[in-house]
Structures are given as C-alpha cells and as structure tokens.
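Dear colleague,

I am passing on a structure that you have not seen before, together with some notes on what turned up in it. Please have it open while you read.

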Amino acid sequence: MSGKRSRDKGAEFERRIAKVLKEIWPEARRGVGQYQSSGNGADVEGTAFWVECKKGARPNIQGAFKQALAARDDRPILVVSMKDRDQPLYTMDEETFLSLVTLLY
C-alpha cells in the first residue's frame with residue numbers, strides 16, 4: 001500500500017473511532033496533532049484517555065502502547081486497533097483496567 005493510501009486509511013479509522021467515542025465524550029474528535037508534522041498529540045482528543053489508533057493487516061498493539069507512553073500527558077492510555085476487515089479492539093494496561101472495574105463493583 002502506498003504511503004498516502006496508508007495515511008488515508010489511518011485517518012479514516014481515527015475519524016471512525018472519534019465518532020464512536022463522541023457518544024460518551026461529546027468533545028471527542030480526531031487529534032489536531034495528526035494534521036501537523038510534529039504529530040504530538042493523541043489520535044483522538046476530547047476524551048478521558050490518550051487514544052492511540054492503529055489499523056492494518058497486523059497492527060502492532062504493543063508498539064502503539066509504547067508510542068503512546070513516550071508521547072502522552074497524564075491521561076491513561078487506550079489503544080484502539082483493528083485488523084483489516086475485522087472489529088476494533090480496545091486495549092489498556094492492567095492498572096487502568098482494574099481501576100475501571102473497581103468503579104463498577
């Protein structure tokens with residue numbers, strides 16, 4: 001896949017995830033850092049999480065998590081990944097997961 005096609009596919013996925021998260025966080029939108037060459041910013045902004053999105057034939061979830069760790073602010077990380085023609089998966093670290101489960105029970 002060409003570089004532009006790959007970027008377009010990633011941008012479309014980020015917009016899709018922003019739309020889903022907008023149901024919970026009305027301010028959710030594709031991150032402004034994505035439009036700039038610096039790329040400093042979450043893929044989706046306006047949520048309680050640092051959202052990193054990866055889509056492709058074999059998205060690297062661990063790599064995406066490490067990328068977010070290096071760039072994030074104080075928000076917990078949420079990696080949203082999707083293999084081509086599959087469903088999105090939402091991944092977080094154990095500490096974040098346990099704190100959310102504790103809130104529910």
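**Strands β3 and β4**

Strand β3 is joined by seven bridges to strand β4 (residues 77-83), and the two run parallel; strands are DSSP runs of E of at least two residues and helices runs of H or I of at least four, numbered from the N terminus, while two strands pair if DSSP finds at least two bridges between them. Between β3 and β4 the chain passes through helix α2 (residues 61-71) in a right-handed β-α-β crossover, that is, with the strands pointing away from the viewer, the path from the first strand over the helix to the second runs clockwise. Within this pairing, C53 lies opposite V80 in β4.

This is a predicted model, in which local features need pLDDT of at least 70 and side-chain atom pairs count only at pLDDT 80 or more, whereas totals for chains, interfaces and linings use all residues. Residues are numbered from 1 along each chain as its sequence is written, and side-chain values use heavy atoms, with hydrogens and water left out.

Because five of the seven residues of β3 are buried, β3 is largely enclosed by the rest of the structure; buried means under 20% relative accessible area, exposed over 50% and partly exposed in between (1.4 Å probe, protein chains only).

G31, in the loop between β1 (29-30) and β2 (44-45), is also buried, with a relative accessible area of 0%. Although G31 and V44 are 13 residues apart in sequence, their C-alpha atoms are 4.7 Å apart in space.

Best regards
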